[in-house]
Amino acid sequence: MSRQPLRGRRRGLLLMVCLFLLLASGRMDSGDANAELASSMNLVETRSLGTNTPYADKLIQSLFVQAPNGRYYEAHDPGNALLMTPAAFGGVISSAGLSHVLGSENSSRAVRVRMLTAKTLAALIETAFSAVSCFYLFLLFGLFYKSRTALTLTGLFVFASLYTAYFRSAWDVLPACNSVIVLLYCSARLVLAPRVRASETFPVALWFGIACMFRFSLAPFLAIGVVILLWGIRKRTSASAILVAVCGAIAMLIPTLIFNAIRTGSSLRSPSTLPQFQYQTGLTGSLREGMFGLLLSPNRGLLEFSPLLLLLILLPWYWKLMPAGVKALLAAYLPSTFLYYLMISKLRNWGAAGWGPRYLMPVLPILFLGAGAIAHRLWSESRIRRFLLVSLCFIAFLLSLPTLLVNHSNASLQYPDAFDGTAPYPIQQIAVWKNLLAGFQGQTVQARPNLGADEMSRLAIVFPDLLIARAYRVLAGRSKLGAQVLLVIYLSLLGCTAYLVWSSLAEFHSLDPLQDDADDHVVRDIRRQAGALQIP
């Protein structure tokens, strides 16, 4: 492996991680994520995901179910609770250290520090996971296009789509979306390999299982996609490779199946299907209303929050012009996405709280893969089409821009109908833009109803909605010099990240995207057969 491509890859990963962490809000942005963190705290403190006593916090307790064994367990799938376990451990360590220094009389302060530390670390862990996943999205596009193009398409996904509002904080749907990104990359390597071996099928099975640990409802739909994918390459796939994929997928599903059995008595029944959640996840909604609302609702539709997906309308006309590998991925996973979309449309509360249609986040990377491929073709055509494409990208960026600086959850909750899928106008967009303008004018951002008056609660509405802004506010009340030093460090890191972006664009201009793994047998064979695969 040559040093220059390896350095370029490491620089790309460093760029993603630095950029994402500098933009992180450090917030637990949903009740679901807070309940999953509570489960992580149980695991660290009691070595069990369950608890014998109900929680005093009514919101947290409403997201726990009482299992047949009498214990209470968090209703979501175990992936996020496991992902947040290091954060819970960090919170326990910080609390123990503070109690040791201040003594037992300050136990209430130690508890506050424990939760603040755990929540901040959990949010940062999910943001870091997002950064690594988006690096794999860059590598995915890099298998088919020049590295500059791959970086541009990845940037559009991060800053001009539904994803923008989610990667900066902790959400229950975010890790599943990130896992699907890596699954797509592993699937692309599988499709492009001239001879499919177990070393190519196992990563697909692994990330299929990981995605299902975060979102068990994805299992049947992603399984359909993987089966279609393997069927398409059956002639160059050995029986041992198929066996490894099947066994690997089953092995990755076993922990979730066991956890389901503990909580509901049936390994195939998720707690989200229990009666206490039927008001939200019951499949009793109107399919027609859900299908329209998830895509076209003025207030909740996917195309409002990710207008670049409008390019998918052109898919039939640009299908033949796409790289063969992209077509293979879309042929496998688009049917899965459509079936998943139908299931979400049937949910009673398909417009659940969140920025846009939150439940479609796990399949957003699949849709964006198709939109990105079409955008690449449009860019290489007439000036008029290029101008229209740039205009669409600019609109998409503007619609996502406020969520980089504003706590969109706080802004939305200021309006009672913010999550109404039948609202005739974009309430959420209006809410975040009002908060953004108020912040730029130096006004105090309006707090949502029922927000606590304590200092920790007020930190949720700090403008801009960045972790550094919250740390600056806390530090400024204690040491103005320390706050200024923190600001200088942050601005310096921003400058270094900007340099990484500039240098990466300059370096990628001269790199062959298929030479990143010069010693890898898969990429060697890909390069040898690139003409047959029509890879530009």
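Buried means under 20% relative accessible area, exposed means over 50%, and partly exposed lies in between (1.4 Å probe, protein chains only). The model is predicted: local features need pLDDT of at least 70, side-chain atom pairs count only at pLDDT 80 or more, and totals for chains, interfaces and linings use all residues. Residues are numbered from 1 along each chain as its sequence is written, and side-chain values use heavy atoms, with hydrogens and water left out.

**Figure 1. Overview of the protein chain.** The protein chain has 25 helices and three strands. Helices (H or I, at least four residues) and strands (E, at least two) are DSSP runs, numbered from the N terminus. Of its 536 residues, 53% count as buried. Contact means heavy atoms within 4.5 Å. Among contacts between residues at least 6 apart in sequence, 75% join residues at least 24 apart.

**Figure 2. Helices H16 and H17.** Two packed helices are described by the angle between their axes and the distance between the axes. Axes are lines fitted to C-alpha atoms, for helices over the stretch in contact, and angles run from 0 to 180 degrees between N-to-C directions. The axes of H16 (residues 324-346) and H17 (residues 364-379) cross at roughly 140° and come within 9 Å. H16 is therefore oblique to H17; angles under 35 degrees count as roughly parallel, over 145 as roughly antiparallel, 65 to 115 as roughly perpendicular and the rest as oblique. The crossing of H16 and H17 is left-handed. A crossing is left-handed if the near helix is turned anticlockwise from the far one by less than a right angle, and right-handed if clockwise. H16 contributes Val326, Leu329, Leu330, Tyr333, Leu334 and Thr337 to the contact, and H17 contributes Ile366, Leu367, Leu369, Gly370 and Ala373. By class, the residues of this contact are nine nonpolar, two polar and no charged. Ala, Val, Leu, Ile, Met, Phe, Trp, Tyr, Cys and Pro count as nonpolar, Asp, Glu, Lys and Arg as charged, and the others, Gly among them, as polar.

**Figure 3. Helix H8 against H10.** The axes of H8 (residues 174-192) and H10 (residues 219-232) come within 11 Å, with a crossing angle of roughly 10°. This makes H8 roughly parallel to H10. The two helices cross in a right-handed sense. On H8, Val180, Leu183, Ser187, Leu190 and Val191 meet Leu222, Leu229 and Leu230 of H10.

**Figure 4. Helix H8 against H16.** H8 also meets H16, where the axes cross at roughly 120° and come within 9 Å. H8 is thus oblique to H16, and their crossing is right-handed. Leu183, Leu184, Ser187, Ala188, Val191 and Leu192 of H8 make the contact with Gly325, Ala328, Leu329 and Tyr333 of H16. The contact of H8 with H16 has eight nonpolar, two polar and no charged residues.

Figure 5. Cys186 is in helix H8 and is buried, at 9% relative accessible area. Not counting residues up to four places away in sequence, Cys186 touches Pro203, Val204 and Trp207. Tyr136 is 50 residues from Cys186 in sequence, and the two are 9.2 Å apart in space, C-alpha to C-alpha. Ser133 lies in helix H6 (residues 107-142) and is buried at 0% relative accessibility. With residues up to four places away in sequence again left out, Ser133 touches Asn178, Ile181 and Val182.

Figure 6. A pair of aromatic rings is described by the distance of the centres and the angle of the planes. Rings of Phe, Tyr and Trp (its six-membered ring) pair if their centres lie within 6.5 Å; planes under 30 degrees apart count as stacked, over 60 as edge-to-face and the rest as tilted. The whole structure holds 17 aromatic pairs. One of them is the edge-to-face pair of Tyr166 and Trp171, 5.0 Å centre to centre with 65° between the planes. Tyr166 is buried at 0% relative accessibility, and Trp171 is buried at 3%. Phe440 and Phe463 also form an edge-to-face pair, 5.5 Å centre to centre with 80° between the planes. Phe440 lies in helix H20 (residues 427-440) and Phe463 in the loop between helix H21 (455-458) and helix H22 (467-476), so this pair ties together parts 23 residues apart in sequence. Phe440 is exposed at 57% relative accessibility, whereas Phe463 is partly exposed at 23%. One aromatic cluster is formed by Phe20, Phe157, Phe159, Tyr163, Phe167 and Phe368.
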